[in-house]
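Subject: Structure handover

Hi,

Here is the structure you asked for. My notes follow below it.

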Amino acid sequence: MNDLEMYREQLAICDDKIIDALMERNAVIEKIMAYKETYGMPVLQPAQEEKQEKRRKEKLAGNKYQEEIQDVFKRIMRNSKRIQARKLFHYNIVLIGFMGAGKSTISDYLSTMFAMRLIEMDQVIEEREEMSISDIFATYGEEYFRSLETKLLKELQNTNNCVISCGGGAALKEENVKEMKKNGRVVLLTASPQTVYERVKDCDDRPILDGRNNVEVIAEMMEKRREKYEAAADVVIQTDHKTVLQICEELITKLMELNGK
Ligand code: S3P
């Protein structure tokens, strides 16, 4: 064996070690998940993730391959999250609720924490139409916008393990709800009219409010929609005065309870 062949052999041994270490790591991830479940502990513990990151940074300080190794760890972390997400949810998580209930914020956080694909329906529609939601309403009317929502929801039933953040009106149509439930669990986020007002008062991209952006109008519209939202929901989460982390943790717990049923 010449030197080159020997080095290649050493490289193959290194790869084997990496595979073994990753297998071991993934097995530990599964044990941590099982432990948290047994003892009813929160699934999301961002502080722990930060601690681990800090430790890695310290270990790699001054290492000439620091950047490359950190890049690999980014992937490893992402894949750990995917393993967790696949184990916890074999379906899409579909967030519905009134505007300002927190759909975008919660779906963004959830998709980051579990490395799940995020689909913001309003955003996809805006990109496809190359127009803002307000302009779509103004140019083609609400019915046209609603038909785009239905079309998109139908397409999304071919996906799995995604977080889908619906537009506030998407769950009002029975046909849409049927689509959501084909491959997903529907989570309704609620908030009081006052909270919604605080969250949307400075936005001018809510054509449904049509400039009548006040607590009374919001309360009235919310009450009109309440029954349909509740009928569509598999899980309901009230978001007032809660942190994003608290809301996500409650959402996970409630979905896991549903899994068990
Ligand atoms: C709507 C809510 C909006 C958007 C559109 C219509 C509604 O989404 O889809 O303006 O009917 O409630 P957000 O709830 O994300 O603001």
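How far is an oxygen atom of the ligand from an N or O atom in the side chain of R225? The distance is 2.7 Å.

First, the ground rules. This is a predicted model, in which local features need pLDDT of at least 70 and side-chain atom pairs count only at pLDDT 80 or more, while totals for chains, interfaces and linings use all residues. Residues are numbered from 1 along each chain as its sequence is written, and side-chain values use heavy atoms, with hydrogens and water left out.

**Ligand**

The ligand is surrounded by 13 residues (a residue counts if one of its heavy atoms lies within 4 Å of the ligand). The closest are K103, D122, R146, R206 and R225. K103 places a polar side-chain atom 2.8 Å from a ligand oxygen atom. G168 uses its backbone instead: a polar atom there is 3.0 Å from an oxygen atom of the ligand. For polar contacts, the rule is a pair of N or O atoms within 3.5 Å; within protein, one must be able to donate a hydrogen and the other to accept it, and residues adjacent in sequence count only if both atoms are side-chain atoms.

**Domains**

The protein chain splits into domain 1 (3–88) and domain 2 (92–260). Those bounds come from an automatic or database domain assignment. The two centres, taken over C-alpha atoms, are 34 Å apart. At the interface, 13 residues of domain 1 are in contact with 13 residues of domain 2 (heavy atoms within 4.5 Å). About 1200 Å² is buried between the domains, and carbon and sulfur atoms give 69% of that. Buried area here is the accessible area (1.4 Å probe) that two parts lose on being put together, summed over both. In domain 1, L44, K81 and L88 lose the most area to domain 2. Together they account for 49% of what that side buries.

What about polar links across this interface? Three residue pairs are in polar contact between the domains, both residues at pLDDT 80 or more. On the domain 1 side, α2 (46–60) and α3 (66–88) each give two or more residues. Helices are DSSP runs (H or I, at least four residues), as are strands (E, at least two), numbered from the N terminus. α3 gives the most, with seven residues.

**Salt bridges**

The whole structure has 15 salt bridges (a side-chain nitrogen of Lys or Arg within 4 Å of a carboxyl oxygen of Asp or Glu). One of them joins E155 and R128, with the closest N and O atoms 2.6 Å apart. E155 is in helix α7 (residues 142–156) and R128 in helix α5 (residues 121–129), 27 residues apart.

**N183**

N183 sits in the loop between α8 (174–182) and β4 (184–190). Its side chain reaches two backbone oxygens: that of Q157 at 3.2 Å and that of T159 at 2.4 Å.

Best wishes
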